[in-house]
Amino acid sequence: MESAEVRTPGRLVGRETETARLRALARPPRHPDAERAVILHGRPGMGRTALLDACAAEARSVGALVLRAAGARSESALTGGALHLALWSAPDGPDGLPGLADTLTRAAVGTPDDVLRLSTDLLAALRRAAGERPVLLVLDDVHWFDTESRAVFAFLARRLTGTRISLVAATADGARPFLDAAPTALCPVGPLPGTAAAELLDARHAGLAPEPRRRLLEAAAGSPLALLELPRALSPAQLTGREPLPAVLPLSDPLLRRYGPQVEDLPVEVRELVLLMALEEQGRTRPVWAAYRHGWAAAGEALTTAERDGILRVAGERERVVFSDPLLRAAVVATATPDALRAAHRALASVLDHEPGTQVRHLMAAAVGLDPAVAGALATGAARAARHGLERVALAAHRRAADLTGDAAERAALLALGAHNAGRAGRFGLAAELLAEASAGAPRPDGAPEGAAFALARAQLLAERGGDGRAAFHLLLGAFDSYGDAPGGESGPPVAWRDALLSRLFSLALLSGDAEQWHATASRLGTGPGWARLVKELAAPVADGSGRPTARLEAAVKELAPDADCAEVLRLSHLALALDGLGPLRERLRRVAEAAERGGSVADCAEALGIFGLDLLLAGHQDAAEEATTRMLHLAEAHGLFLTARRARAQSALMAAARGDAEAARTLVAASMTHPVPGGYATGAEPSTGAYGVVGAERMGGAPGVTGGDEVYGGPSRPHELSGPHRHDGATDPTSVIGPTGFTALMAHQASAWAALSEGSYAEAYAHALRASGAAADSAVLSPLQPWVVLTLVESAVLTGRTQEAHMHVAAAEAAGLAHRSARHLALLAGARALLAPPQQAESLFETSVGFPERERNAFVCARLRLAFERRRRVAGGNRSAVPAQTRGTGVRAVIAHPQPDPGAARITPLLPVGPAAPAPVVTGPAGNPAALTRQELQIGRLAASGLSNKEIGRRLYLSPRTVSTHLYNLFPKLGISSRAALHQRLTELGYHKESRPA
């Protein structure tokens, strides 16, 4: 008998249809042809017994006589056992049914005639009892009834029409049919719908953390019994998210008693194969065949046995293993001995060299005690996992490897690497703890350089948690130079450490805008790997006729290996964005962002989202750009990425200014410049050298009082000055306010300049454009905003009568080879020249600037150029007021004379499945937005209603299937539906059926 209790006060969750049918059955029939027999069928754990309980309670409430029996495996061979249970469940036993006691005494069931005689006498006795009050027969687990009892109850069930006797039975799917019931008598009891499953879990186990809650819902697969019992096998720390969950969830004792015997009855060789299949996370047969120690032929025989016994099946063209019940997989693992589990994990790890994340998890599960060999294998696997963005996997592997090694120095280095993984995964508290433990375990001698592992971890805390990018840079630089004469040739650990340190130095220097940092990094690029030499080549000035850098970058992209590191994809994406857009890298970058869902690097994911946001903005997809940037901000704030969050706010300000919302842009600029640094942390860092001060005010054509990089920005700043105290004792003052780094400041000032232009404050726009040019410093050539800064400088200079300064800015850009870098650079510089041309030549030059061949994928470029030309025309005519909002909107959204070839392309929002983003609700159609759907929910809902699968929707919207499933899970309750089949009708009823532009 099942123990699944699916009640919440007053109802059975998710079983409204079934309970309504059983309620009618339990009450006296209103007409002779009313339904008198219902057969419930479904998998174990679906709540069949709870439905029978509810039906019996309803019958008793109206005064009916309830006779109940439940089958048991131990009594399945006991003649008349189930019938005996049913009759003795009457209040007075068989004596309570007139004439039945004598019949039972005379009957000796053994032949078909005996069964017929007993069945006839029992039917007569029940009819007599029903003359006084209704009678309900409640039969549970009929598949375990003895043959004679099944025959008697089947006889009764076929002869209930016109009586006041009803019968409800429950049986398991796949069991021998009961009474050959007509299809109308069958009532399937399937998994609970997603919303009902979540309601039941939340009602009985409140306070679950999001990740454990998701895993429990996924593992239970709608089974009420599993939803109630699975959380009871987990610790409070696991339920609240403080400790990770195992790959296969453990079973409670009731679940183990239900599912364990079916597994334990299998032969030993079959159990070995089934265990490998249970531990193979993706259900693939190929690695299982390779790992099975008895060979391929024996594997096929064992599989046939497992399929015959109803344990699993192989489905689909790709031969994926599917367990007949999700909890059977857990039962296979739970009933295995520790030695068998470790052996299975070792066997799978030995055949998964091409999957570092999965291999590491199996190695960790197979290790026990001190084992230096496994520790080395784990460290190697962790490094491979980290290169592919699987930072949480790498973190767990490094910690486990540290426990397995007996060498103190090696343990300290592994803990430091774990600290670096933890920081990149957004777990800075754990990173600080691991770094402190590592430092205590292997103190550094006075004057010795910081080891690479320690430097990477400590620099990450200094930069992201403490906001001190300058100190982080110098720490990494010292560690890098300490490997200058290290042995190792062109490969080996020293070279690998140098590459890792150089990659981080490049990232910091690129975003800082600090001349000292950029020159220090550039001087070391020539001795680095291939990517470093490519960066140095692309950063060099481009002379006329030397060929555009885009050709060299395209060659590098084509050579990018399918399994390239996340860091390599991000570096190339930065370079591509700085030239002519992501192009073919967009799909590769999406995979980097999706890695966070699989336990990847939060830092990489946030960086990828930021690149996506700028690329989408410059391509003219404003809505998608804003959503990607919003997700970047949510992710950074949720995980304490201080510098990244500041950069995301500046990028959001740029988006707001691009659409002409000056007020929102200024608010976001202020937030990016004055957001306080988080509280201190224990890194054990050395006091950092240098302080935030004013240096190099005029170095990149900036105005006096304007500086770049980590410095405080002097001069008039609207609305706040960018300054604040900063400590350099390895911690940060919780109340301090630090000025933004170079690229953040560049975006903030560019946003302020665009906002000022939209309001007609042209002098203010020029001041901010000067600050933007100063913030970029020497790394400006690798900034996607460099040509925009030039255009804004020239436009605002022309509008304020600074014609000579405008010519100087154009000349400086031409001398730097800006026009030869990409088509986008050429178009923007051509537009700047057109703004300076005499009126009789300006029109033709301007039309040439917006008529470049790549204009179709540079709609934003053309729109901004036309808007700049409109401002120049108005000022030349004596009208110095701002361009009206309607005209501005038209100018930004449309490309006059050169429309986009696909008007729907701008509505495509390639959202990325990361972070707790909260996009604004859509407004669509005359009925408004009655269900308060977000843009993405509506888009996914429409595609799902059209018949696309989650995987197809994910490919179309650049989402993972799991993210699509999550959005549908949130969408269904908003629409008041519980299944995909009702989507189209409900969307139509609420007025969402027409495609319209979300407001």
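Strand β6 (residues 165-172) is mostly covered, with eight of its eight residues buried; buried denotes a relative accessible area under 20%, exposed over 50%, and partly exposed the range in between, computed with a 1.4 Å probe on protein chains only. Strands here are DSSP runs of E with at least two residues, helices are runs of H or I with at least four residues, and both are numbered from the N terminus. The model is predicted: local features require a pLDDT of at least 70 and side-chain atom pairs count only at pLDDT 80 or more, whereas totals for chains, interfaces and linings use all residues. Residues are numbered from 1 along each chain as its sequence is written, and side-chain values use heavy atoms, with hydrogens and water left out.

In a regular strand the side chains alternate between the two faces of the sheet. For β6, both faces are covered: I165, L167, A169 and T171 lie on one side, S166, V168, A170 and A172 lie on the other, and all are buried. Strand β3 (residues 37-42) runs parallel to β6 and is joined to it by six bridges; strands are taken to pair if DSSP finds at least two bridges between them. Within this pairing, A37 stands opposite L167 of β6. Strand β5 (residues 135-140) also runs parallel to β6, through five bridges, and V138 stands opposite V168 of β6. From β5 the chain crosses through helix α6 (residues 147-157) to β6, and this β-α-β crossover is right-handed, a term applied if, with the strands pointing away from the viewer, the path from the first strand over the helix to the second runs clockwise.

Strand β5 also pairs with β4 in the parallel sense, over six bridges. In that pairing, L67 stands opposite L137 of β5. Because six of the six residues of β4 (residues 65-70) are buried, the strand is largely enclosed by the rest of the structure. Both of its faces are covered, with L65, L67 and A69 buried on one side and V66, R68 and A70 buried on the other.

Two residues other than glycine take a positive phi in loops. D141, located in the loop between β5 and α6, is not a glycine, yet its phi is positive at about 50°. D141 counts as buried at 5% relative accessibility. A221 lies in the loop between α8 (210-220) and α9 (224-229), and its phi is likewise positive, near 50°, in a residue other than glycine. In contrast to the buried D141, A221 is partly exposed, with a relative accessible area of 32%.

Helix α30 (residues 602-618) is mostly covered, 17 of its 17 residues being buried. Its 17 residues should span 24 Å at 1.5 Å a residue, and the end C-alpha atoms are 25 Å apart, which agrees; the expected span is 1.5 Å times one less than the number of residues in the helix. At the start of α30, a side-chain oxygen of S601 reaches to within 3.4 Å of the backbone nitrogen of A603. Such a polar contact is a pair of N or O atoms within 3.5 Å; within protein, one must be able to donate a hydrogen and the other to accept it, and residues adjacent in sequence count only if both atoms are side-chain atoms. Just after α30, G620 takes a positive phi of about 95°.

Individual buried residues were also examined in other helices. R646 lies in helix α32 (residues 642-658) and is buried, with a relative accessible area of 1%. A polar atom of the R646 side chain lies 2.6 Å from the backbone oxygen of S672. E18, in helix α1 (residues 16-26), counts as buried at 11% relative accessibility. Residues up to four places away in sequence aside, E18 touches L51, C187 and P188, a contact being heavy atoms within 4.5 Å.

The structure holds zero disulfides, a disulfide being a pair of cysteine sulfur atoms within 2.5 Å. Among the cysteines, C566 is buried with a relative accessible area of 6%, and C605 counts as buried at 0% relative accessibility. Over the protein chain, the secondary structure comes to 45 helices and nine strands, and 55% of the 999 residues count as buried. Among contacts between residues at least 6 apart in sequence, 70% join residues at least 24 apart.
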